[in-house]
Each structure stands twice: as C-alpha cells, then as structure tokens.
Protein chains: 2
Amino acid sequence: MAPVKVFGPALSTNVARVLVCLHEVGAEYEVVNMDFQAKEHKSPEHLARNPFGQIPAFQDGDVVLFESRAICRYVLRKYKSAEADLLREGDLKDAAMVDVWTEVEAHTYHPAISPVVYECLFNPTMFGVPTNEKVVEESLEKLKKVLDVYEARLADHEYLAGDFVSFADLNHLPYTFAFMTTPHASLFDSYPNVKAWWERLMARPSMNKLGAAVAAASKA
Amino acid sequence: MAPVKVFGPALSTNVARVLVCLHEVGAEYEVVNMDFQAKEHKSPEHLARNPFGQIPAFQDGDVVLFESRAICRYVLRKYKSAEADLLREGDLKDAAMVDVWTEVEAHTYHPAISPVVYECLFNPTMFGVPTNEKVVEESLEKLKKVLDVYEARLADHEYLAGDFVSFADLNHLPYTFAFMTTPHASLFDSYPNVKAWWERLMARPSMNKLGAAVAAASKA
C-alpha cells in the first residue's frame, strides 16, 4: 500500500503537527517538500490540494485534505487502535474533553505562544526581521495567564483531557517545541505541573521520530 | 430527563453556535443567563465550569464543558440520528471534509468576518466604541479573498463539506448572521453561489428557532 503523502517542509510547525500524529499511530508516510521561494505552494497543482495555497496538504489515495488539525483527526481516526486511540470518539465524555482542550490550544494557547515563536525564532532566523520586544512582552503576559490555568488543570490530571494522552496534548507540541528554543524557555520552570506534562510528552517515541525527520529535512 | 444547560446570553454569537446545533438535533435545553455587568462569568461557580471565565459553558449531568465548537461536537454526537448526522464520523472521508471546512471557518473565515461584526455592530451598539473604518476596510479585503475560494467550492458542492449539510456549515451561522445586519451585507451579492448557500442555511427550521430564542432573550 502506498504511504500517505504530506505536502510541505517537515521544518514547518503545522507540518510537524501532522507528522507527530502519523508517528503516534505508526503510519508510513512520505513528505513531499514544497519550494516556497519558487512559490510552489501557489502552483495550480497545490491550489488543487488547498485552495488557500497554504501548507500542509495531505493525500491518501483519492482523499485530499488541508488544515493541519483536520488532517490529524483523519490520521488518528483511520489508524486508530487499542494502543493509539487519541480522539476517543467511542466515549462521549472522553471525546468531549479531548475536543475542549483541542479548542483551548487553537483559540487560547496558540494565540499567546505563537507570536513569541515568530518574533524570537522565525522572524530573525528565516525572514531577517528583527524581534519586536513589545509583542514578545505582551504575548508572554498572555501566556502566563494561560499557563496559570494549565497548571491548575494538570495538578489533578496527568494530561489535558484527563488521565490519558490525547490529540489535545499532541496539538501543543509544535509551537511549544519551538518556544523551548527561544530565550524565554525558562518561563515553564515557574509551572512545575506544566513542565512535568511537557517532559512526559517529550519522552514519547513519536517525538524522537519527529526530531529525526526534522534533522533529515534540515540536511536536505 | 432534565434538559441540558447552556450558560451565557442567547444573544452571544458563540452561544448561538451551540443553540443552532441543539435545534438541529431537536434536543431540549435551558439557557442560564450570565450577568456580565455583575461579573457573573468570573464567579467561582462559573470558573469551575470554564477556568478561563468565558461563555458559553455547558452542562449535561456530570459532563461540564466549555469552548463553543467542542460543545457543538458533543451535542451533535450525543443526539446523532439518521436524520441529523452532522459530523459524519462513521465515514472517514465525509468526516474529514467536515473537519477541513470546520477548521477553515475557525482559522480563515472567522478572522476575516469577525472584526467587521465587532467594529460595525458590537463596538458601537454594546460598548459605545466608534467603528474603526480602517479595520473594517482591511477585514473586508481579507473576507473577499476568502469568499473567492468559497464561491469556487460552492460551484461544485451544495454545502462546504460536500452535498450534505454539516457542522462545517452551521459553524458559519452566528457571525454571518450578525454580518448581515451591518452596512456591508451586500458584499455577498457579488458571490452568487455563497449567497445561495447562505439562503439554504437560513431557510432551515433551526434558524427560525434561533431567531425566536434570540428575540425572547432580547425581551428578558
């Protein structure tokens, strides 16, 4: 069976979100790189995959998808097993808690952490744009308020949705991983429950595989 | 059986998202109003429901949820029937297309349309803040690009995920409904497929019920 295809550089945070899910369920995949400088993501071939001309896109036979979180749900559903049931759609309450904390990532955590990653990492290293310290400072203040809530939640639960790892946790990986390479990584030291949760996630075999995939992409 | 509870004013767009789903599946519910001026949404009782102190929150017996899109998924799963299967989780491909366009609403459509609604409707009528025309103009430019993609998509499909109505469509209701009361409603006239799709959605009985619920809330 041909492996599924993921379109977009493995170094992209939104692509990494998909790769982590593929690793978690043990699915074979192929990354099809996109040359941004050649505007390959705006080519007719890619616009047929994603009419907004963004990455990642995804192909599994005649199923062509975009939007990283939607691709992840497809992957986690298709390759679901007793060992890897990360959406828990068979259990009404568990599935709801997975959804709640997946939405919190998208609408509350991501808007607070991603500007720090852009300002401290992507802008200076990839786009030659200097860090806007005011944006960083304001975002860190927002992030602290979010982490206060996470700290309390993770005092009573090993993972965000409950005492089981889920898509809600995995969703946090790409941007948190990037944040940890910025000068503000030590912020997490003030939140011991969050830090312990993060270390539990980082110890998962799927994260080692992601590191290897990203390293291979860096050399390519 | 006690009806489920939705916490937050029915007039809120994010509460309306939940109410539309409850109407679609024919579930009984009770709206528990929250007094924002009395900061009821920041009370210990409400923070126990939603640690971020926002609305809506939701209760079904011992299941307590927040984040409107997560609450909707719970409602659509719990009350799923042959007539109302709006997530299509039993079909891998259909479910994926529902998820893709649900994510498009959250990450592309919403960021373009919601500033227009805030600037032209919420800010002047609810908060006494004058409309920032520059924000409106920039957001309308973004929205036009989004509607170009929707227009093409809806040329080949009756609804966003395919030829069946789904959660992806319903998700667009609250902010589009509010947008249609602004001076920019006629923008949709330039997109005949989008306009026809919108009229199909507005003709659904769930929308009539929402109108009645909002009217009752306005009088309360």
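**Chain B against chain A**

In this predicted model, 31 residues of chain B are in contact (heavy atoms within 4.5 Å) with 31 residues of chain A. Local features need pLDDT of at least 70 and side-chain atom pairs count only at pLDDT 80 or more, whereas totals for chains, interfaces and linings use all residues. Residues are numbered from 1 along each chain as its sequence is written, chains are lettered from A in the order in which they are written, and side-chain values use heavy atoms, with hydrogens and water left out.

*Interface*
- The chains bury about 2900 Å² between them, 71% of it on carbon and sulfur atoms, where buried area is the accessible area (1.4 Å probe) that two parts lose on being put together, summed over both.
- Phe52(B), Arg77(B) and Leu92(B) supply 21% of the area that chain B buries against chain A, more than any other three residues.
- Six salt bridges (a side-chain nitrogen of Lys or Arg within 4 Å of a carboxyl oxygen of Asp or Glu) are found across the interface, and the side chains of Arg77(B) and Asp99(A) meet in a salt bridge at 3.2 Å, N to O.

*Asp169(B)*
- Asp169(B), in helix H6 (residues 167-170; a DSSP run of H or I, at least four residues) of chain B, is buried (under 20% relative accessible area, 1.4 Å probe, protein chains only) yet has no salt bridge, and the nearest side chain of opposite charge, Arg204(B), is 7.7 Å away.
- The side chain of Asp169(B) reaches the backbone nitrogen of Leu160(B) at 3.1 Å.

Conventions
Helix = DSSP H or I, 4+ residues; strand = E, 2+ residues; numbered from the N terminus. Buried < 20%, exposed > 50% of the residue type's maximum accessible area, 1.4 Å probe, protein only. Lys, Arg positive; Asp, Glu negative; His and termini not counted. Polar contact = N/O pair within 3.5 Å; in protein donor to acceptor, adjacent residues only side chain to side chain.
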